[in-house]
Amino acid sequence: MKIARLSEQNDDFTDQDHMMQTLLLDHESISRSLRKDITIAGGENKDLGTADFMTGVMEQHEKMAWMLRSYLK
């Protein structure tokens, strides 16, 4: 838990819109963290392979966030 980037949610998830909103916030948070990590991996560490891999992971999170946003509208 010391290095976790997402906090544990103890909310009542009986409301599906609340659950979807929480998922959306988590995907957006992971995407922001990955953007910072990509900059560090590709720029500071010159590790373009890892930066490319993380870009693919970030794209998956951004796609899921997009789908969740479209559902919540």
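How many helices and strands does the protein chain have?

## Overall form

The protein chain has two helices and zero strands. Its radius of gyration is 15 Å, well over the 11 Å that the globule rule gives for 73 residues, so the chain is more spread out than a compact globule. The model described here is predicted.

The C-alpha trace spans about 45 × 30 × 10 Å along its principal axes. Of the 73 residues in the protein chain, 25% are buried. Helix α1 covers residues 16-44, and helix α2 covers residues 48-72.

Side chains of opposite charge can pair when their charged atoms come close. The count of salt bridges in this model comes to three.

One of them joins the side chains of E28 and R69, at 3.0 Å from N to O. E28 belongs to helix α1 and R69 to helix α2, so this pair ties together parts that lie 41 residues apart in sequence. R69 counts as partly exposed because its relative accessibility is 34%, which falls between the 20% limit for buried and the 50% limit for exposed.

R35 and E62 also meet through their side chains in a salt bridge, with an N to O distance of 2.4 Å. Here R35 lies in helix α1 and E62 in helix α2, so the pair ties together parts that are 27 residues apart in sequence. Both partners are partly exposed: R35 has a relative accessibility of 47%, and E62 has one of 27%.

Which residue does R5 meet in a salt bridge? The partner is D37, and the two side chains are 2.5 Å apart, N to O. This pair links distant parts of the chain, since R5 sits in the segment before α1 while D37 sits in helix α1, 32 residues away. R5 counts as exposed because its relative accessibility is 54%.

## Surface patches

D11, D12, D15 and D17 form a negative surface patch. Within this group, D15 is placed in the segment before α1. Is D15 buried, partly exposed or exposed? At 42% relative accessibility, D15 counts as partly exposed.

The other patch is nonpolar and consists of F13, M19 and L23. Together these residues have about 230 Å² of accessible area. L23 is found in helix α1, and its relative accessibility of 36% makes L23 partly exposed.

## The loop between the helices

Where does K46 lie? K46 is in the loop between α1 and α2. Most residues other than glycine have a negative phi. The phi of K46, in contrast, is near 55°, a positive value in a residue that is not glycine.

K46 has a relative accessible area of 66%, so K46 is exposed.

## Summary

The predicted model shows a chain with two helices and zero strands. Helices α1 and α2 are tied together by the pair E28 and R69 and by the pair R35 and E62.

Note on methods:
Residues are numbered from 1 along each chain as its sequence is written. This is a predicted model: local features need pLDDT of at least 70, side-chain atom pairs count only at pLDDT 80 or more; totals for chains, interfaces and linings use all residues. Side-chain values use heavy atoms; hydrogens and water are left out. Patches are made of residues with over 30% relative accessible area and no salt bridge: like charges are joined within 9 Å, nonpolar side chains (Val, Leu, Ile, Met, Phe, Trp, Tyr) within 5 Å. Accessible areas come from the Shrake-Rupley method with a 1.4 Å probe; for residues, only the protein chains shown count as cover. A salt bridge is a side-chain nitrogen of Lys or Arg within 4 Å of a carboxyl oxygen of Asp or Glu. Lys and Arg count as positive and Asp and Glu as negative; His and the chain ends are not counted. The place of a charge is taken as NZ of Lys, CZ of Arg, CG of Asp or CD of Glu. Helices (H or I, at least four residues) and strands (E, at least two) are DSSP runs, numbered from the N terminus. Buried means under 20% relative accessible area, exposed over 50%, partly exposed in between (1.4 Å probe, protein chains only). The radius of gyration is taken over C-alpha atoms; the globule rule is 2.2 Å times the number of residues to the power 0.38.
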